[in-house]
Amino acid sequence: MSSSRATSIRQVARQAGVSIATVSRALTTPDKVSDKTLKKVLAQVERSRYKPNLLARNFRSKRAFSIVVLVPNIANPFFAEIIRGIEQVAQQQGYAVLLGDTEGREDREAYYVGLVETRQADGLIQLHPRLPKAARGANGTLDIPLVNACEYIEDAPCPRVGIDNAAAAREMTAYLLGLGHKRIGVILGPDSSPLTSDRLRGYKLALRSAKIASDDALIAQGDFTMSSGSTAAEKLFKAKQPPTAIFCFNDEMALGAIRFLKRTGRSVPQDVSVVGFDDIEFASFCDPPLTTIEQPTREIGNKAMSLLFDMLNGGKPEPTMHTLPIKLIVRDSAAPPPRR
């Protein structure tokens with residue numbers, strides 16, 4: 001087969017029994033092609049090993065066909081599933097995904113915003129609860145296509161995707177109360193995260209509904225890392241009346257808390273129940289398997305990329321919060337409190 005793009009795409013179209021324009025749409029805007037036609041075209045593309053001239057495509061469309069995802073901590077396994085969800089939709093639309101590990105730093109965010117401003121990328125998905133300063137115009141509007149996902153930005157002038165964290169935390173706390181626990185410790189995330197305040201609010205609402213007063217001695221600070229979970233669990237057990245259950249605001253801190261408890265001779269869940277939040281892959285493999293809140297991470301990524309793609313195709317960037325459902329996953333790390 002000729003290496004010429006004009007000849008190649010013509011041959012693909014002829015073999016697939018469609019027009020050249022249909023082949024082009026299937027490769028650039030597949031959502032505008034029927035599933036039956038798309039499968040037929042892609043099968044022929046694979047058989048013929050057709051390689052479109054991407055530079056020519058980008059020049060004609062004035063697009064880079066890539067987007068940037070800003071990740072506050074690329075080592076966190078929770079974000080990996082969201083990124084997979086983003087890539088799933090991006091690849092279907094012929095886009096590449098560039099990862100920006102910002103470490104929460106504004107100068108790193110500004111660099112990646114610059115890639116969009118100079119058309120080295122077409123848009124940006126922010127997974128950190130902050131609107132990059134470099135992306136804002138003089139009147140506070142956004143200068144680039146941007147979607148916020150996961151750790152949401154309150155009142156941001158862009159689409160947002162996430163869950164109802166307060167409702168999820170309330171459901172988990174109610175589950176522990178239903179097992180008979182009255183002294184439920186919590187290990188918080190960073191103060192700067194809106195997820196922390198939302199989950200703490202849900203925890204307190206559940207206690208209030210059960211007519212149990214919130215006790216500051218049962219609240220310990222963490223930062224979403226395993227080491228902070230271990231340190232915070234140690235603090236909780238210095239209280240005069242330690243908790244019979246610990247609700248960690250993410251799974252990594254729950255793993256750290258379990259490590260501390262085992263190291264100090266306590267059994268989970270016989271002596272202390274431990275639950276988490278997120279349902280990362282390790283949650284089902286730890287000992288004991290972790291009861292947690294399952295976030296729809298793939299769906300969050302899918303939705304974020306779909307919203308960004310709509311914006312790139314001329315859609316209006318409505319500043320709407322898209323809330324996806326969660327699920328309480330019951331495993332073996334929580335049980336009724338021990339009898340005293």
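**Notebook: helices and a sheet**

I started with what covers the buried residues of α9: the cover includes β6 (184–187), β7 (219–220), β8 (245–248) and α10 (251–263). For me, contact means heavy atoms within 4.5 Å, and buried means under 20% relative accessible area, exposed over 50%, partly exposed in between (1.4 Å probe, protein chains only). Helices (H or I, at least four residues) and strands (E, at least two) are DSSP runs numbered from the N terminus. The buried residues in α9 (226–236) are Ser228, Gly229, Ser230, Ala232, Ala233 and Leu236.

Ground rules: this is a predicted model, where local features need pLDDT of at least 70 and side-chain atom pairs count only at pLDDT 80 or more, while totals for chains, interfaces and linings use all residues. Residues are numbered from 1 along each chain as its sequence is written, and side-chain values use heavy atoms, leaving out hydrogens and water.

**The sheet**

Next I traced an open sheet of six strands, and I read the order as β2-β1-β3-β4-β5-β11 with parallel pairing. Two strands pair if DSSP finds at least two bridges between them. β2 (96–101) and β11 (321–323) are the edge strands with a single partner each, so one side of each has no neighbour in the sheet. On average, neighbouring strands are turned by 20° against each other, direction ignored.

I then checked β1 (66–71) against β3 (123–126): they run parallel and are joined by four bridges. Val69 has Ile125 as its bridge partner in β3.

**Across the sheet: α11**

Helix α11 (297–312) lies across β1, β3, β4 (146–149), β5 (160–162) and β11, and I get about 165° between α11 and β4. Axes are lines fitted to C-alpha atoms, for helices over the stretch in contact, and angles run from 0 to 180 degrees between N-to-C directions.

What does α5 (77–92) do beside α11? Their axes come within 7 Å and cross at roughly 45°. That makes the pair oblique, the class left over once under 35 degrees is roughly parallel, over 145 roughly antiparallel and 65 to 115 roughly perpendicular.

I listed the contact residues: α5 brings Phe78, Ile82 and Val89, among them, and α11 brings others including Ile300, Asn302 and Met305. By class, I find seven nonpolar, six polar and three charged residues there. Ala, Val, Leu, Ile, Met, Phe, Trp, Tyr, Cys and Pro count as nonpolar, Asp, Glu, Lys and Arg as charged, and the others, Gly among them, as polar.

**Last stop: Ala43**

Ala43 sits in helix α3 (35–48) and is partly exposed, at 28% relative accessible area. Its C-alpha is 9.8 Å from that of Val12, 31 residues apart along the chain.
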